[in-house]
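Here are my notes on this model, as numbered points. Please read them with the structure open.

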Amino acid sequence: MSTDAKLTPEQIIEAYGERWSIESMFNQLKLSWGLKEAWQQTRQTLHRWVHLTLVGYGLIQLLGYLDDQTVRQLCCHSPWRKDIPTTAGQIRKGLLPLPAMESEAKAGRPQ
């Protein structure tokens, strides 16, 4: 589908294919990085939020390319998995606090 009636079906498919590469980034930003929660803010706040969020997203992506023991340890949050890949998603999960640790921290107990 297209609002431009002059485009051929092949051109529409090509345009959609070019657009697709950014869709996964938007999906991650909305669902995993909290961007969907920032909809009722001032323009300046949104600009700052987007810039900081994208810096964090980029840094995690770059960490995926490091061959470092610390980065590999971040990916070991699921001990039952063997041959855990070093991906940005695995690194991000390793950086997030565990639910049990969060509840203990809220209760004021030492971790």
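**Notes on the fold and selected residues**

1. From the N terminus on, the elements run α-α-α-α-α. The count is five helices and zero strands. Keep in mind that this is a predicted model.

2. Now the overall surface. The protein exposes about 9300 Å² of accessible surface, and carbon and sulfur atoms hold 59% of that. Of the 111 residues, 11% are buried.

3. Residues 24 or more positions apart account for 30% of them.

4. Helix α1 covers residues 9–31, which makes 23 residues. From first C-alpha to last, α1 reaches 31 Å. That is close to the 33 Å expected at 1.5 Å a residue. Helix α1 also has a kink of about 35 degrees, and the kink is centred on W20.

5. Is T53 buried or exposed? T53 sits in helix α2. Its relative accessible area is 7%, so T53 counts as buried, the cut-off being under 20%. Setting aside neighbours within four places in sequence, T53 is in contact with L29 and W33.

6. Which residues form a nonpolar patch on the surface? They are V55, L59, L62 and Y65. Together these residues have about 490 Å² of accessible area. V55 is placed in helix α2, residues 43–63. Helix α2 therefore holds both V55 and the buried T53.

Conventions
Residues numbered from 1 in each chain as written. Predicted model: local features only at pLDDT ≥ 70, side-chain atom pairs only at ≥ 80, totals over all residues. Heavy atoms only, no water. Patch = residues over 30% accessible without salt bridge, like charges linked within 9 Å, V, L, I, M, F, W, Y side chains within 5 Å. Areas by Shrake-Rupley, 256 points an atom, 1.4 Å probe, with all protein chains shown as cover. Salt bridge = Lys/Arg side-chain N within 4 Å of Asp/Glu carboxyl O. Helix = DSSP H or I, 4+ residues; strand = E, 2+ residues; numbered from the N terminus. Expected span 1.5 Å × (residues − 1). Bend = angle between axes of the 7 residues up to and from the residue. Buried < 20%, exposed > 50% of the residue type's maximum accessible area, 1.4 Å probe, protein only. Contact = heavy atoms within 4.5 Å.
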